[in-house]
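Take a first look at the model below. Follow the spaces in it, then the helices around them.

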Amino acid sequence: MLLAAADRAAGDEEGARLELGAARAAFERLGAVPDARRAAALLTGGSRRRLPGGLTAREAEVLRLVAEGGTNKDIARTLVISEHTVARHLNNIFAKLGVGSRASATAYAYAHGLV
């Protein structure tokens, strides 16, 4: 997280993005949910960044986890929400992006820099 902050201060947004992604992944592997959420929020730029497709920050977070291969159960556990809530987020994501599958949503996420 400190490396990402240093990269951002130096104007290296790509470096910051890579460091935050690595930090988030490490926090998730360790089960450090609050830290993983903080890294994810910084990765998306928090509420300051307009997300593609009209996605909310939480929907973008769910979409990133889907794109990384997470099941609804995995995503629910990572975000500490119910599987039903994950399914609701996915329905909203699919509707906003005009896609009908996880594969299409994943392609959208990669095409629009959400992953």
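The second largest pocket has a volume of about 220 Å³. A pocket is found on a 1 Å grid over the protein atoms alone: it is an open set of points with protein on both sides within 12 Å along at least five of seven lines. Grid points are joined across faces, edges and corners, and a volume is the space filled by probe spheres set on the points. This is a predicted model, in which local features need pLDDT of at least 70 and side-chain atom pairs count only at pLDDT 80 or more, while totals for chains, interfaces and linings use all residues. Residues are numbered from 1 along each chain as its sequence is written, and side-chain values use heavy atoms, with hydrogens and water left out.

What lines the second largest pocket? The lining has 16 residues, and Glu 28, Arg 29, Leu 65, Glu 68 and Thr 78 lie nearest the centre. A lining residue has an atom within 4 Å of a point. Helix 2 (13-30), helix 3 and helix 5 each supply at least two residues of this lining. Helix 2 gives the most, with five residues. Helices here are DSSP runs (H or I, at least four residues), numbered from the N terminus. By class, the pocket lining has five nonpolar, five polar and six charged residues. Ala, Val, Leu, Ile, Met, Phe, Trp, Tyr, Cys and Pro count as nonpolar; Asp, Glu, Lys and Arg count as charged; the others, Gly among them, count as polar.

Rolling a probe the size of a water molecule over the atoms shows where empty space is left. A cavity is a set of points where a 1.4 Å probe fits but cannot get out. The count comes to one cavity of 30 Å³ or more. The largest cavity has a volume of about 60 Å³. Its lining includes Arg 24, Glu 28, Ala 36, Ala 40, Arg 64 and Leu 65. Helix 2, helix 3, helix 4 and helix 5 each supply at least two residues of the cavity lining. Helix 3 gives the most, with four residues. The cavity lining has five nonpolar, one polar and five charged residues.

Arg 24 lies in helix 2. Is Arg 24 buried or exposed? Arg 24 is buried, with a relative accessible area of 6%. Buried means under 20%, exposed over 50%, and partly exposed in between (1.4 Å probe, protein chains only). Arg 24 touches Ala 36, Ala 39, Ala 40, Leu 43, Arg 64 and Glu 68, not counting residues up to four places away in sequence. Contact means heavy atoms within 4.5 Å.

How do the helices pack? Helix 3 (residues 33-44) and helix 4 (residues 57-67) pack at an angle of about 105 degrees, with their axes 11 Å apart. Axes are lines fitted to C-alpha atoms, for helices over the stretch in contact, and angles run from 0 to 180 degrees between N-to-C directions. Helix 3 and helix 4 are therefore roughly perpendicular, a term for angles of 65 to 115 degrees. Arg 37, Ala 40 and Thr 44 in helix 3 meet Arg 58, Glu 61 and Arg 64 in helix 4.

Val 80 is found between helix 5 and helix 6. Val 80 has a positive phi of about 55 degrees although it is not a glycine. Val 80 is exposed, with a relative accessible area of 56%.

Methods:
Parallel < 35°, antiparallel > 145°, perpendicular 65-115°, else oblique.
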